[in-house]
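Let's take a quick tour of a protein model together. Have a look at the picture first, and then read on.

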Amino acid sequence: MAIRKSSKLSQTTVLKKIVKRCSSLGKKQGYDEEGLPLDVPKGHFAVYVGQNRTRYIVPISFLTRPEFQILLQLAEEEFGFDHDMGLIIPCEEDVFESLTLMLR
């Protein structure tokens, strides 16, 4: 299942924007000079899951997986992608953890 396009941007462009937004949250403590979080390894990005907005670091390769794309579609429908916060996944934490274990 592909990500539903809210504009005429290609899926690749949308995914790149998501990763950039989630990886560069500004120049503050814990971030390098380019605004990238110091605790997020290259090839990964942060997402926030559940009511408590627990932070998870996931590989960028998840973005191409249909199972994860469903979560991205739900995130877009519920929160949109045009905000200053990181990517919020509307999913229970235990469900998200199970899914990511299956995707690894």
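What follows covers a salt bridge, a loop residue and a pair of helices.

Keep in mind that this is a predicted model, where local features need pLDDT of at least 70 and side-chain atom pairs count only at pLDDT 80 or more, while totals for chains, interfaces and linings use all residues. Residues are numbered from 1 along each chain as its sequence is written, and side-chain values use heavy atoms, with hydrogens and water left out.

How many salt bridges does the structure hold? There is one, and a salt bridge here is a side-chain nitrogen of Lys or Arg within 4 Å of a carboxyl oxygen of Asp or Glu. Arg65 pairs up with Glu67, and their closest N and O atoms are 3.8 Å apart.

Now for Arg53, which sits in the loop between strand S1 (44-49) and strand S2 (54-59). Strands are DSSP runs of E, at least two residues, and helices are runs of H or I, at least four residues, numbered from the N terminus. Arg53 has a positive phi, near 55°, and is a residue other than glycine.

Here is how accessible these residues are (buried is under 20% relative accessible area, exposed over 50%, partly exposed in between, with a 1.4 Å probe and protein chains only).

| Residue | Relative accessible area | Class |
|---|---|---|
| Glu67 | 31% | partly exposed |
| Arg65 | 31% | partly exposed |
| Arg53 | 33% | partly exposed |

Finally, the helices: H2 (residues 66-79) packs with H3 (residues 93-103) at an angle of about 145°, their axes 10 Å apart. Axes are lines fitted to C-alpha atoms over the stretch in contact, and angles run from 0 to 180 degrees between N-to-C directions. On the H2 side, Glu67, Phe68 and Leu71 make the contact, and on the H3 side Phe96, Leu99 and Leu103 do (contact means heavy atoms within 4.5 Å).
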